[in-house]
Amino acid sequence: MKDKAKKLLANYSEYRKVPGDGSCFYRSFIYSYLEQLVKVSHEEELRLLGALEPMWEKFQRLHLPGSYSDLHDAFVGFILECMEQKQKLSVRGYQEWLFQESQNEQKFANILLYLRLVTAIEICTEVETFKSYITELGQGMPDAIGYCLEEVLPVEEDAQQVNLTALTNVLQVPLRVVNIDVSPIEELNIHIIYESPDSSVPTVTLLYRPGHYDIIYEKS
């Protein structure tokens, strides 16, 4: 792992450490995405909100707990707030504002819960697409809803491969994961989870070490 970490220096300049809890993937993913919004036009925020429009109808067909409307409104409100702040502030000012907002656990918790719920909705709606990722199905786990109730929605549960794929499929946000592990492969394992046909959509790049995600920044 140390040898692979040294190789990061060739292409990456720094990383942002996030809390080591079950939400580290969701926290890293959304923070990195929001941080990059200051560099793109307002069309990106509108595209993102448009991608989420079908989720309410899908939620109504499922028996998942939680108030979709409340969490959706919290997420949309925060995206609109980001749009407003990036108009008023410099790049540096926006980044500082976003960092302070991310420290507000009560406010940011709803954003993370919404991402978990969207992930669960996608998995339960597109079961055939994701069942190959979920080994628990058919081994004591009756269905995808049961899986999501136990493995996706609880805030203490770490994100698995299926979570990453489902969420990025919905949001259509490119995700690249740089994996540092103890495998005998000498080179860094860079896993592209989702690739957008639209080059204007910012790419989220995360550093994965066993059980934890952080944000990593490519050299300019």
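How many residues does helix H2 have, and how far does H2 reach from its first C-alpha to its last? Helix H2 (residues 24–36) has 13 residues and reaches 18 Å, close to the 18 Å expected at 1.5 Å a residue. That expected span is 1.5 Å times one less than the number of residues.

## Ground rules

This is a predicted model, where local features need pLDDT of at least 70 and side-chain atom pairs count only at pLDDT 80 or more, while totals for chains, interfaces and linings use all residues. Residues are numbered from 1 along each chain as its sequence is written, and side-chain values use heavy atoms, with hydrogens and water left out.

Helices here are DSSP runs (H or I, at least four residues), numbered from the N terminus.

Among the buried ones are Cys-24, Arg-27, Phe-29, Tyr-33 and Glu-35.

Now for its neighbour. The axes (lines fitted to C-alpha atoms over the stretch in contact, with angles from 0 to 180 degrees between N-to-C directions) of H2 and helix H6 (residues 91–102) come within 10 Å and cross at roughly 155 degrees. That makes H2 roughly antiparallel to H6 (over 145 degrees). On the H2 side, Arg-27, Tyr-31, Leu-34 and Glu-35 make the contact (heavy atoms within 4.5 Å), meeting Tyr-94, Gln-95, Leu-98, Phe-99 and Ser-102 in H6. By class, this contact of H2 with H6 has five nonpolar, two polar and two charged residues; Ala, Val, Leu, Ile, Met, Phe, Trp, Tyr, Cys and Pro count as nonpolar, Asp, Glu, Lys and Arg as charged, and the others, Gly among them, as polar.

Nine of the 11 residues of H10 are buried, so H10 is largely enclosed by the rest of the structure. The buried set includes Val-162, Asn-163, Leu-167 and Leu-171.

Helix H7 (residues 105–125) packs on H10 at an angle of about 95 degrees, their axes 8 Å apart. The two are therefore roughly perpendicular (65 to 115 degrees). Their contact divides into eight nonpolar, three polar and one charged residue.

## Zooming in on Thr-168

Thr-168 is found in H10 (residues 161–171). Is Thr-168 buried or exposed? Thr-168 is buried, with a relative accessible area of 0%. Not counting residues up to four places away in sequence, Thr-168 touches Phe-29, Val-173, Leu-175, Ile-193 and Tyr-194. Of these, Phe-29 is one of the buried residues in H2.

Note on methods:
Buried means under 20% relative accessible area, exposed over 50%, partly exposed in between (1.4 Å probe, protein chains only). Angles under 35 degrees count as roughly parallel, over 145 as roughly antiparallel, 65 to 115 as roughly perpendicular and the rest as oblique.
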